[in-house]
Amino acid sequence: MAQRRFPAVFALTVPGKLLCFLLRGLTLFLKPLYGKRPMPGFEENPAHYRFKDLLYFSYKYYLAPPEESETPSQSRNFREAVFDFEPSSPVQQSITLSSGGDLMPYAWMNEESCRELWDNCGSWFFDADMVFANLETPIHTQKPLSAVPEVMLSHMYFNGSESLFRIFNGNGAFRGFDVLSTANNHSLDMDREGISATLEFLKDRGIVATGTHRSPSEQFDIPVVERNGIRVAFVAATYCLNHLELPETEKWRINTGRFNLPNADLSLLRDLVREARKKADFTVISLHNGNAYQAYPSAHTVENVHRIFRECGPDLILGSHPHNPQPLEQVHYTCPFSGKNKKGIAVYSQGDFIAYDIFTWCHLHLGLKFEISRLQNGEVAVTAMEVQPQFMGRNGKRDHLRFQLIPLSNAHLFEQRMSAAQKKELLEIRRFWENHLAPSLSVYAV
(Lines give C-alpha, C1' and ligand atoms only; values in the text may rest on other atoms or scores of the structure.)
Protein backbone atom coordinates (compact mmCIF):
# COMPACT_ATOMS: atom_id res chain seq x y z
CA MET A 1 0.00 0.00 0.00
CA ALA A 2 1.39 3.40 -0.99
CA GLN A 3 2.16 5.62 2.00
CA ARG A 4 1.09 9.19 2.70
CA ARG A 5 3.57 11.73 1.30
CA PHE A 6 1.68 14.97 1.95
CA PRO A 7 1.04 16.64 5.33
CA ALA A 8 -2.11 15.60 7.16
CA VAL A 9 -2.96 19.29 7.46
CA PHE A 10 -1.85 21.98 5.05
CA ALA A 11 -2.65 25.48 6.32
CA LEU A 12 -3.13 28.37 3.90
CA THR A 13 -1.88 31.42 5.81
CA VAL A 14 1.51 32.05 7.38
CA PRO A 15 0.11 32.17 10.96
CA GLY A 16 -1.81 28.97 10.24
CA LYS A 17 1.30 27.22 8.91
CA LEU A 18 3.33 28.22 11.97
CA LEU A 19 0.61 27.09 14.36
CA CYS A 20 0.18 23.74 12.61
CA PHE A 21 3.95 23.20 12.65
CA LEU A 22 3.98 23.83 16.40
CA LEU A 23 1.03 21.51 17.02
CA ARG A 24 2.57 18.72 14.96
CA GLY A 25 5.71 19.04 17.04
CA LEU A 26 3.75 18.89 20.30
CA THR A 27 1.96 15.69 19.23
CA LEU A 28 5.08 13.81 18.09
CA PHE A 29 5.57 12.31 21.57
CA LEU A 30 2.15 10.62 21.24
CA LYS A 31 3.15 8.49 18.25
CA PRO A 32 4.36 5.47 20.29
CA LEU A 33 1.13 5.60 22.31
CA TYR A 34 -1.44 5.76 19.49
CA GLY A 35 0.33 4.30 16.45
CA LYS A 36 -1.56 3.83 13.17
CA ARG A 37 -4.92 2.45 14.29
CA PRO A 38 -8.03 4.18 15.69
CA MET A 39 -8.52 4.32 19.45
CA PRO A 40 -11.03 1.53 20.31
CA GLY A 41 -14.39 2.79 21.55
CA PHE A 42 -13.57 6.48 20.97
CA GLU A 43 -16.81 8.50 21.24
CA GLU A 44 -15.41 11.79 19.89
CA ASN A 45 -17.95 13.76 21.88
CA PRO A 46 -16.65 17.08 23.28
CA ALA A 47 -19.25 17.07 26.06
CA HIS A 48 -17.66 13.89 27.45
CA TYR A 49 -13.97 14.31 26.56
CA ARG A 50 -11.33 13.15 28.95
CA PHE A 51 -7.86 14.65 28.66
CA LYS A 52 -6.56 11.57 26.84
CA ASP A 53 -9.42 11.88 24.33
CA LEU A 54 -8.41 15.43 23.51
CA LEU A 55 -4.78 14.36 23.06
CA TYR A 56 -5.80 11.55 20.74
CA PHE A 57 -8.02 13.81 18.63
CA SER A 58 -5.20 16.35 18.28
CA TYR A 59 -2.72 13.62 17.37
CA LYS A 60 -4.80 12.14 14.58
CA TYR A 61 -5.81 15.51 13.14
CA TYR A 62 -2.47 17.32 13.11
CA LEU A 63 0.05 14.49 12.80
CA ALA A 64 -1.04 10.95 11.97
CA PRO A 65 -4.59 10.18 10.85
CA PRO A 66 -5.18 6.43 11.23
CA GLU A 67 -4.87 4.84 7.82
CA GLU A 68 -5.39 1.31 9.07
CA SER A 69 -8.55 -0.15 10.54
CA GLU A 70 -8.72 -1.51 14.08
CA THR A 71 -8.18 -5.01 12.68
CA PRO A 72 -6.57 -6.03 9.36
CA SER A 73 -9.64 -8.06 8.47
CA GLN A 74 -11.90 -5.01 8.70
CA SER A 75 -10.02 -2.97 6.09
CA ARG A 76 -9.72 -6.06 3.89
CA ASN A 77 -13.49 -6.61 4.11
CA PHE A 78 -14.15 -3.03 3.03
CA ARG A 79 -11.69 -3.17 0.13
CA GLU A 80 -13.19 -6.48 -1.05
CA ALA A 81 -16.81 -5.44 -0.50
CA VAL A 82 -19.28 -6.65 -3.14
CA PHE A 83 -22.52 -4.86 -3.94
CA ASP A 84 -25.44 -6.83 -5.37
CA PHE A 85 -28.05 -4.58 -6.98
CA GLU A 86 -29.78 -7.32 -8.96
CA PRO A 87 -33.53 -6.80 -8.37
CA SER A 88 -35.47 -9.71 -6.92
CA SER A 89 -38.22 -9.23 -9.53
CA PRO A 90 -38.73 -7.02 -12.63
CA VAL A 91 -38.54 -3.25 -12.16
CA GLN A 92 -41.79 -1.30 -12.55
CA GLN A 93 -40.56 2.27 -12.03
CA SER A 94 -37.45 4.00 -10.75
CA ILE A 95 -36.19 7.29 -9.36
CA THR A 96 -32.72 8.64 -8.60
CA LEU A 97 -31.38 10.09 -5.35
CA SER A 98 -28.19 12.18 -5.29
CA SER A 99 -26.45 12.42 -1.93
CA GLY A 100 -23.70 14.78 -0.80
CA GLY A 101 -21.69 15.13 2.40
CA ASP A 102 -21.25 18.10 4.75
CA LEU A 103 -22.09 21.69 3.78
CA MET A 104 -20.02 23.96 6.06
CA PRO A 105 -19.26 27.70 6.30
CA TYR A 106 -15.70 28.73 5.48
CA ALA A 107 -14.67 32.38 5.30
CA TRP A 108 -12.92 32.13 1.91
CA MET A 109 -15.99 30.65 0.23
CA ASN A 110 -17.83 33.54 -1.44
CA GLU A 111 -19.62 34.23 -4.70
CA GLU A 112 -16.44 35.34 -6.47
CA SER A 113 -14.17 32.53 -5.26
CA CYS A 114 -16.82 29.87 -5.95
CA ARG A 115 -18.17 31.06 -9.29
CA GLU A 116 -16.62 28.01 -11.04
CA LEU A 117 -17.27 25.62 -8.16
CA TRP A 118 -19.96 23.49 -9.82
CA ASP A 119 -18.67 23.57 -13.42
CA ASN A 120 -17.50 19.95 -13.46
CA CYS A 121 -20.10 18.18 -11.32
CA GLY A 122 -23.22 20.33 -10.93
CA SER A 123 -25.15 18.83 -13.83
CA TRP A 124 -24.51 15.28 -12.71
CA PHE A 125 -25.31 15.94 -9.04
CA PHE A 126 -28.42 18.10 -9.35
CA ASP A 127 -30.15 16.22 -12.18
CA ALA A 128 -31.48 13.48 -9.85
CA ASP A 129 -35.15 13.19 -8.91
CA MET A 130 -34.19 13.87 -5.27
CA VAL A 131 -31.09 15.73 -4.07
CA PHE A 132 -29.88 15.48 -0.46
CA ALA A 133 -26.97 16.58 1.79
CA ASN A 134 -26.12 17.44 5.40
CA LEU A 135 -26.42 21.17 6.20
CA GLU A 136 -23.81 21.45 8.95
CA THR A 137 -24.55 25.00 9.99
CA PRO A 138 -27.55 27.00 11.14
CA ILE A 139 -28.62 29.80 8.80
CA HIS A 140 -29.89 32.69 10.90
CA THR A 141 -29.93 35.64 8.52
CA GLN A 142 -30.43 38.14 11.36
CA LYS A 143 -27.01 37.20 12.75
CA PRO A 144 -23.59 37.60 11.08
CA LEU A 145 -21.73 34.85 9.29
CA SER A 146 -19.73 32.73 11.73
CA ALA A 147 -17.23 30.63 9.79
CA VAL A 148 -14.96 27.70 10.58
CA PRO A 149 -11.56 28.96 11.80
CA GLU A 150 -8.48 27.94 9.83
CA VAL A 151 -6.98 26.14 12.85
CA MET A 152 -9.46 24.59 15.25
CA LEU A 153 -8.40 25.24 18.85
CA SER A 154 -11.64 26.05 20.70
CA HIS A 155 -15.40 25.69 20.58
CA MET A 156 -16.82 26.76 17.22
CA TYR A 157 -20.25 28.29 16.68
CA PHE A 158 -21.26 28.23 13.02
CA ASN A 159 -23.75 30.39 11.18
CA GLY A 160 -24.30 30.54 7.44
CA SER A 161 -25.62 33.33 5.26
CA GLU A 162 -27.97 33.70 2.33
CA SER A 163 -25.12 34.22 -0.13
CA LEU A 164 -23.24 31.19 1.22
CA PHE A 165 -26.34 29.03 0.89
CA ARG A 166 -26.68 30.12 -2.73
CA ILE A 167 -23.23 28.58 -3.31
CA PHE A 168 -24.27 25.39 -1.51
CA ASN A 169 -27.41 25.22 -3.62
CA GLY A 170 -25.71 25.28 -7.02
CA ASN A 171 -24.96 28.98 -7.55
CA GLY A 172 -28.41 29.48 -9.07
CA ALA A 173 -27.46 27.37 -12.10
CA PHE A 174 -29.30 24.23 -11.01
CA ARG A 175 -32.59 23.44 -9.32
CA GLY A 176 -30.87 22.81 -5.98
CA PHE A 177 -31.58 20.58 -3.02
CA ASP A 178 -34.86 18.84 -2.24
CA VAL A 179 -33.99 17.63 1.28
CA LEU A 180 -31.35 18.67 3.82
CA SER A 181 -30.51 17.14 7.18
CA THR A 182 -30.30 19.78 9.91
CA ALA A 183 -29.36 17.30 12.67
CA ASN A 184 -25.64 17.44 13.42
CA ASN A 185 -23.23 18.52 16.13
CA HIS A 186 -23.63 22.19 15.11
CA SER A 187 -27.45 22.27 15.15
CA LEU A 188 -27.57 24.28 18.39
CA ASP A 189 -24.77 26.75 17.56
CA MET A 190 -27.22 29.66 17.17
CA ASP A 191 -29.38 28.42 20.06
CA ARG A 192 -33.09 27.60 19.77
CA GLU A 193 -33.87 30.59 17.58
CA GLY A 194 -31.23 29.38 15.16
CA ILE A 195 -33.10 26.10 14.73
CA SER A 196 -36.35 27.90 13.93
CA ALA A 197 -34.65 30.44 11.67
CA THR A 198 -32.93 27.68 9.68
CA LEU A 199 -36.16 25.74 9.22
CA GLU A 200 -37.99 28.86 8.04
CA PHE A 201 -35.12 29.73 5.69
CA LEU A 202 -35.29 26.32 4.03
CA LYS A 203 -39.09 26.25 3.93
CA ASP A 204 -39.12 29.60 2.11
CA ARG A 205 -36.96 28.00 -0.60
CA GLY A 206 -39.07 24.87 -0.93
CA ILE A 207 -36.49 22.61 0.71
CA VAL A 208 -37.54 19.85 3.10
CA ALA A 209 -35.60 19.74 6.39
CA THR A 210 -35.25 16.71 8.62
CA GLY A 211 -33.80 16.15 12.11
CA THR A 212 -34.68 19.42 13.91
CA HIS A 213 -38.10 20.73 14.93
CA ARG A 214 -40.06 23.78 16.06
CA SER A 215 -42.57 21.87 18.19
CA PRO A 216 -42.86 18.47 19.92
CA SER A 217 -45.47 17.33 17.39
CA GLU A 218 -43.00 17.79 14.52
CA GLN A 219 -40.48 15.27 15.84
CA PHE A 220 -42.39 12.21 14.67
CA ASP A 221 -43.98 13.86 11.64
CA ILE A 222 -41.36 12.35 9.35
CA PRO A 223 -40.90 14.20 6.03
CA VAL A 224 -41.70 12.16 2.92
CA VAL A 225 -40.83 13.13 -0.66
CA GLU A 226 -42.63 11.41 -3.53
CA ARG A 227 -41.37 11.07 -7.09
CA ASN A 228 -42.84 8.86 -9.82
CA GLY A 229 -45.09 7.12 -7.29
CA ILE A 230 -42.21 6.18 -4.95
CA ARG A 231 -42.38 7.69 -1.46
CA VAL A 232 -39.05 8.20 0.34
CA ALA A 233 -38.92 9.11 4.04
CA PHE A 234 -35.94 11.00 5.47
CA VAL A 235 -35.01 10.48 9.12
CA ALA A 236 -32.03 12.37 10.58
CA ALA A 237 -30.24 12.25 13.92
CA THR A 238 -26.93 13.28 15.47
CA TYR A 239 -24.63 11.69 18.03
CA CYS A 240 -23.98 14.95 19.94
CA LEU A 241 -24.31 18.74 20.05
CA ASN A 242 -20.64 19.30 20.84
CA HIS A 243 -20.45 20.72 24.39
CA LEU A 244 -23.98 22.16 24.25
CA GLU A 245 -27.03 20.50 25.80
CA LEU A 246 -30.81 20.79 25.61
CA PRO A 247 -32.84 20.29 28.79
CA GLU A 248 -34.82 17.06 29.01
CA THR A 249 -38.04 18.96 28.39
CA GLU A 250 -36.69 20.18 25.02
CA LYS A 251 -34.97 17.06 23.67
CA TRP A 252 -37.58 17.01 20.90
CA ARG A 253 -35.90 19.98 19.19
CA ILE A 254 -33.05 17.86 17.77
CA ASN A 255 -32.96 14.10 17.21
CA THR A 256 -29.98 13.29 19.41
CA GLY A 257 -28.52 10.18 21.01
CA ARG A 258 -25.04 8.98 21.96
CA PHE A 259 -24.76 6.90 18.80
CA ASN A 260 -20.94 6.94 18.91
CA LEU A 261 -20.84 4.81 22.06
CA PRO A 262 -20.29 1.07 21.76
CA ASN A 263 -23.65 -0.69 22.19
CA ALA A 264 -25.45 2.63 21.68
CA ASP A 265 -29.10 3.06 22.63
CA LEU A 266 -30.98 2.94 19.30
CA SER A 267 -34.53 3.28 20.63
CA LEU A 268 -35.05 6.78 19.19
CA LEU A 269 -33.98 5.68 15.72
CA ARG A 270 -36.25 2.65 15.90
CA ASP A 271 -39.24 4.81 16.86
CA LEU A 272 -38.50 7.30 14.07
CA VAL A 273 -38.16 4.60 11.41
CA ARG A 274 -41.36 2.92 12.63
CA GLU A 275 -43.23 6.18 12.01
CA ALA A 276 -41.52 6.69 8.66
CA ARG A 277 -42.58 3.26 7.41
CA LYS A 278 -46.24 4.13 7.97
CA LYS A 279 -46.03 6.77 5.22
CA ALA A 280 -43.22 5.71 2.90
CA ASP A 281 -42.00 2.89 0.65
CA PHE A 282 -38.29 3.49 1.36
CA THR A 283 -36.58 4.98 4.43
CA VAL A 284 -33.29 6.87 4.55
CA ILE A 285 -31.49 7.59 7.83
CA SER A 286 -29.09 10.52 7.73
CA LEU A 287 -26.88 9.67 10.69
CA HIS A 288 -24.35 12.18 11.97
CA ASN A 289 -21.90 9.93 13.80
CA GLY A 290 -18.62 8.09 13.48
CA ASN A 291 -15.06 9.27 14.05
CA ALA A 292 -13.35 11.96 12.01
CA TYR A 293 -10.02 11.97 10.21
CA GLN A 294 -9.46 8.25 9.76
CA ALA A 295 -9.56 6.10 6.64
CA TYR A 296 -11.96 3.48 8.02
CA PRO A 297 -14.89 3.64 10.42
CA SER A 298 -14.16 2.47 13.95
CA ALA A 299 -15.17 -1.07 14.85
CA HIS A 300 -17.92 0.08 17.23
CA THR A 301 -19.28 2.41 14.52
CA VAL A 302 -19.58 -0.51 12.12
CA GLU A 303 -21.30 -2.66 14.74
CA ASN A 304 -23.75 0.13 15.61
CA VAL A 305 -24.63 0.64 11.94
CA HIS A 306 -25.22 -3.09 11.50
CA ARG A 307 -27.45 -3.01 14.58
CA ILE A 308 -29.41 -0.07 13.15
CA PHE A 309 -30.27 -2.15 10.11
CA ARG A 310 -31.20 -5.20 12.19
CA GLU A 311 -33.08 -3.39 14.97
CA CYS A 312 -34.49 -0.30 13.22
CA GLY A 313 -35.01 -1.47 9.63
CA PRO A 314 -34.00 1.48 7.34
CA ASP A 315 -33.15 0.88 3.68
CA LEU A 316 -30.23 3.27 3.36
CA ILE A 317 -27.94 4.92 5.94
CA LEU A 318 -26.16 8.10 4.83
CA GLY A 319 -23.46 8.80 7.40
CA SER A 320 -21.80 12.17 7.98
CA HIS A 321 -19.35 13.81 10.41
CA PRO A 322 -16.02 12.00 9.71
CA HIS A 323 -15.25 14.78 7.12
CA ASN A 324 -13.09 12.56 4.93
CA PRO A 325 -14.64 9.72 2.88
CA GLN A 326 -14.80 6.23 4.30
CA PRO A 327 -15.78 3.01 2.49
CA LEU A 328 -19.32 1.85 1.81
CA GLU A 329 -20.76 -1.60 2.37
CA GLN A 330 -23.90 -3.57 1.68
CA VAL A 331 -25.49 -5.09 4.79
CA HIS A 332 -27.75 -8.14 4.61
CA TYR A 333 -30.35 -8.14 7.38
CA THR A 334 -33.86 -9.17 8.34
CA CYS A 335 -36.24 -6.24 8.68
CA PRO A 336 -37.55 -6.15 12.29
CA PHE A 337 -40.96 -4.90 11.13
CA SER A 338 -41.72 -6.99 8.02
CA GLY A 339 -39.54 -10.04 8.71
CA LYS A 340 -38.24 -9.86 5.12
CA ASN A 341 -34.60 -10.38 4.15
CA LYS A 342 -33.18 -7.12 2.79
CA LYS A 343 -29.97 -5.55 1.47
CA GLY A 344 -29.17 -2.14 2.99
CA ILE A 345 -26.45 0.27 1.91
CA ALA A 346 -24.26 1.73 4.66
CA VAL A 347 -22.49 4.97 3.70
CA TYR A 348 -20.18 5.68 6.63
CA SER A 349 -18.98 9.02 5.28
CA GLN A 350 -19.01 10.85 1.97
CA GLY A 351 -16.64 13.44 3.40
CA ASP A 352 -16.86 17.21 3.34
CA PHE A 353 -18.85 18.51 0.38
CA ILE A 354 -18.89 22.30 0.16
CA ALA A 355 -16.19 23.10 2.72
CA TYR A 356 -12.45 23.71 2.82
CA ASP A 357 -10.78 22.23 5.88
CA ILE A 358 -6.98 22.32 6.04
CA PHE A 359 -7.05 18.54 6.62
CA THR A 360 -5.92 17.07 3.30
CA TRP A 361 -8.25 14.07 3.03
CA CYS A 362 -11.25 16.38 3.55
CA HIS A 363 -10.75 17.68 0.01
CA LEU A 364 -11.96 14.37 -1.43
CA HIS A 365 -15.74 13.98 -1.61
CA LEU A 366 -17.74 11.00 -2.78
CA GLY A 367 -20.73 12.17 -4.77
CA LEU A 368 -23.29 9.37 -4.75
CA LYS A 369 -26.33 8.68 -6.89
CA PHE A 370 -28.70 5.81 -6.13
CA GLU A 371 -31.40 4.32 -8.33
CA ILE A 372 -34.39 3.37 -6.18
CA SER A 373 -36.94 1.09 -7.86
CA ARG A 374 -40.35 -0.37 -7.22
CA LEU A 375 -40.38 -4.04 -8.22
CA GLN A 376 -43.25 -6.21 -9.41
CA ASN A 377 -43.25 -8.10 -6.12
CA GLY A 378 -43.95 -4.84 -4.25
CA GLU A 379 -40.44 -4.37 -2.89
CA VAL A 380 -38.74 -0.96 -3.16
CA ALA A 381 -34.95 -1.25 -3.22
CA VAL A 382 -31.69 0.24 -4.48
CA THR A 383 -31.09 -1.23 -7.93
CA ALA A 384 -28.02 0.79 -9.06
CA MET A 385 -25.38 3.16 -7.73
CA GLU A 386 -23.00 5.72 -9.23
CA VAL A 387 -19.95 7.18 -7.49
CA GLN A 388 -18.27 10.42 -8.53
CA PRO A 389 -14.98 11.06 -6.66
CA GLN A 390 -14.55 14.84 -6.48
CA PHE A 391 -11.49 16.85 -5.45
CA MET A 392 -12.12 20.31 -3.96
CA GLY A 393 -9.20 22.06 -5.60
CA ARG A 394 -7.76 25.57 -5.65
CA ASN A 395 -7.17 26.91 -9.14
CA GLY A 396 -4.04 29.03 -8.99
CA LYS A 397 -4.96 30.84 -5.77
CA ARG A 398 -6.45 29.56 -2.54
CA ASP A 399 -9.52 31.77 -2.95
CA HIS A 400 -10.62 30.15 -6.23
CA LEU A 401 -12.30 26.83 -5.54
CA ARG A 402 -13.61 24.29 -8.03
CA PHE A 403 -14.44 20.61 -7.99
CA GLN A 404 -12.10 18.55 -10.10
CA LEU A 405 -13.18 15.02 -10.90
CA ILE A 406 -10.68 12.30 -9.97
CA PRO A 407 -9.99 10.57 -13.31
CA LEU A 408 -9.69 6.82 -13.50
CA SER A 409 -6.49 7.12 -15.54
CA ASN A 410 -3.44 9.34 -15.08
CA ALA A 411 -4.16 11.32 -18.25
CA HIS A 412 -5.24 14.91 -17.55
CA LEU A 413 -4.84 14.47 -13.77
CA PHE A 414 -3.56 18.01 -13.35
CA GLU A 415 -4.98 21.33 -14.46
CA GLN A 416 -2.65 23.96 -15.94
CA ARG A 417 -3.38 26.51 -13.22
CA MET A 418 -2.37 24.18 -10.38
CA SER A 419 0.75 24.97 -8.38
CA ALA A 420 3.35 22.37 -7.44
CA ALA A 421 1.85 22.05 -3.93
CA GLN A 422 -1.64 21.60 -5.35
CA LYS A 423 -0.39 18.86 -7.67
CA LYS A 424 1.21 17.05 -4.72
CA GLU A 425 -2.02 17.33 -2.77
CA LEU A 426 -4.00 15.89 -5.67
CA LEU A 427 -1.56 12.98 -5.88
CA GLU A 428 -2.22 12.32 -2.17
CA ILE A 429 -5.99 12.48 -2.75
CA ARG A 430 -5.61 10.09 -5.68
CA ARG A 431 -3.50 7.74 -3.55
CA PHE A 432 -6.16 7.76 -0.79
CA TRP A 433 -8.90 6.99 -3.32
CA GLU A 434 -6.96 4.12 -4.89
CA ASN A 435 -5.85 2.56 -1.60
CA HIS A 436 -9.05 2.68 0.40
CA LEU A 437 -12.06 3.38 -1.81
CA ALA A 438 -11.40 2.38 -5.41
CA PRO A 439 -10.98 -1.38 -4.77
CA SER A 440 -14.72 -1.74 -4.08
CA LEU A 441 -16.15 1.40 -5.70
CA SER A 442 -14.22 1.96 -8.96
CA VAL A 443 -16.68 -0.16 -10.95
CA TYR A 444 -19.41 2.35 -10.00
CA ALA A 445 -17.28 5.47 -10.64
CA VAL A 446 -18.39 7.94 -13.30
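Student: Which elements do the buried residues of α9 pack against?

Tutor: Start with the terms. Helices (H or I, at least four residues) and strands (E, at least two) are DSSP runs, numbered from the N terminus. Buried means under 20% relative accessible area, exposed over 50%, partly exposed in between (1.4 Å probe, protein chains only). Contact means heavy atoms within 4.5 Å. Here the buried residues of α9 pack against α4 (72-79), α8 (267-277), β7 (282-288), β8 (316-320), β9 (326-334) and β10 (341-349). Those buried residues are H300, T301, V302, N304, V305, R307, I308, F309 and C312. After α9 comes G313, with a positive phi near 80°.

Student: What kind of model is this, and how are residues numbered?

Tutor: It is a predicted model: local features need pLDDT of at least 70, side-chain atom pairs count only at pLDDT 80 or more, and totals for chains, interfaces and linings use all residues. Residues are numbered from 1 along each chain as its sequence is written, and side-chain values use heavy atoms, with hydrogens and water left out.

Student: Which residues of α7 are buried?

Tutor: First the general idea. An α-helix has 3.6 residues a turn, so residues three or four places apart point the same way. In α7 the buried residues are G194, I195, T198, L199, F201 and L202. They cover an arc of only 160° around the axis (taken from the directions from the helix axis to the C-beta atoms), which puts them on the same side of α7. The face turned away from that side carries the exposed residues K203 and D204. The buried residues pack against β2 (130-135), α6 (162-168), β3 (179-181) and β4 (208-210). Just after α7, G206 has a positive phi of about 70°.

Student: What sits over the face of F201?

Tutor: A charge counts if NZ of Lys or CZ of Arg is within 6 Å of the ring centre and within 35 degrees of the ring normal. R205 lies over F201, at 3.6 Å from the ring centre. K17 lies over F10, at 4.3 Å.

Student: How many aromatic pairs are there?

Tutor: Rings of Phe, Tyr and Trp (its six-membered ring) pair if their centres lie within 6.5 Å; planes under 30 degrees apart count as stacked, over 60 as edge-to-face and the rest as tilted. The whole structure holds 34 such pairs. One of them, W118 with F403, is tilted: 5.8 Å centre to centre, 55° between the planes. W118 lies in the loop between β1 (91-103) and α5 (122-126) and F403 in strand β14 (residues 401-405), so the pair ties together parts 285 residues apart in sequence. W118 is buried at 3% relative accessibility, and F403 is buried at 1%.
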